[in-house]
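Here is a short report on one chain. Look at the sequence and the fold first, then read on.

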Amino acid sequence: PSISKSVWKIAPKGFVDPMRYLERNETTLAVQQFEEYMSGSRQKPPSGWELLEGVKMDVRFTGAMEQFWQSSLQSRPDISNASVRRFIATPRGVHRNFPGGPNARSYDPTIRPWYRRAMAHPD
């Protein structure tokens, strides 16, 4: 968790085998390998943690929000010390929170009321 940056997470539905993802322990090494894979310094995700097509793109796409969220806090000093939570999610189950914080491994943003409202009113 981090109060100065966002954290991304992939819901079980973003994995080729969601049940296998839920049954395995998420190790520090696996997290590091995912970070390397998402940044482009690793060719494949950790062995046994295969992702659906498009999930990597979603993680990278939502990363652009990091800069926006940071700049919006810097431009509003009146709220910069407040705890303002921001989040974004994709249909494949990628979600990013700012400030960063933990989510349950089984968390699926696409079934949350806020996500469904946003999808029902995209304008």
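Which residues are buried in H2? Ala-30, Gln-33, Phe-34, Tyr-37 and Met-38 are buried there. Buried means under 20% relative accessible area, exposed over 50%, and partly exposed in between, with a 1.4 Å probe and protein chains only. An α-helix has 3.6 residues a turn, so residues three or four places apart point the same way. On the other side of H2, Thr-28 and Leu-29 are exposed.

This is a predicted model: local features need pLDDT of at least 70, side-chain atom pairs count only at pLDDT 80 or more, and totals for chains, interfaces and linings use all residues. Residues are numbered from 1 along each chain as its sequence is written, and side-chain values use heavy atoms, without hydrogens and water.

**Helix H2**

Helices (H or I, at least four residues) and strands (E, at least two) are DSSP runs, numbered from the N terminus. H2 takes in residues 28-39. Its 12 residues should span 16 Å at 1.5 Å a residue, and the end C-alpha atoms are 17 Å apart, which agrees. The expected span is 1.5 Å times one less than the number of residues. Gly-40 follows H2, with a positive phi near 100°. Strand E1 (7-10) and helix H3 (55-74) are among what covers the buried residues of H2. Contact means heavy atoms within 4.5 Å.

**The sheet**

Three strands form an open, antiparallel sheet in the order E1-E3-E2. E1 and E2 (86-89) are the edge strands, each pairing on one side only. Two strands pair if DSSP finds at least two bridges between them. E1 and E3 (residues 94-98) pair over four bridges. Val-94 in E3 is the bridge partner of Ile-10.

**Salt bridges**

How many salt bridges does a search of the whole structure find? It finds two. A salt bridge is a side-chain nitrogen of Lys or Arg within 4 Å of a carboxyl oxygen of Asp or Glu.

| Pair | N to O distance |
|---|---|
| Lys-9 and Glu-26 | 2.9 Å |
| Arg-92 and Asp-58 | 2.9 Å |

Lys-9 counts as buried at 15% relative accessibility, and Glu-26 as partly exposed at 38%. Asp-58 is buried at 7% relative accessible area, while Arg-92 counts as partly exposed at 29% relative accessibility.
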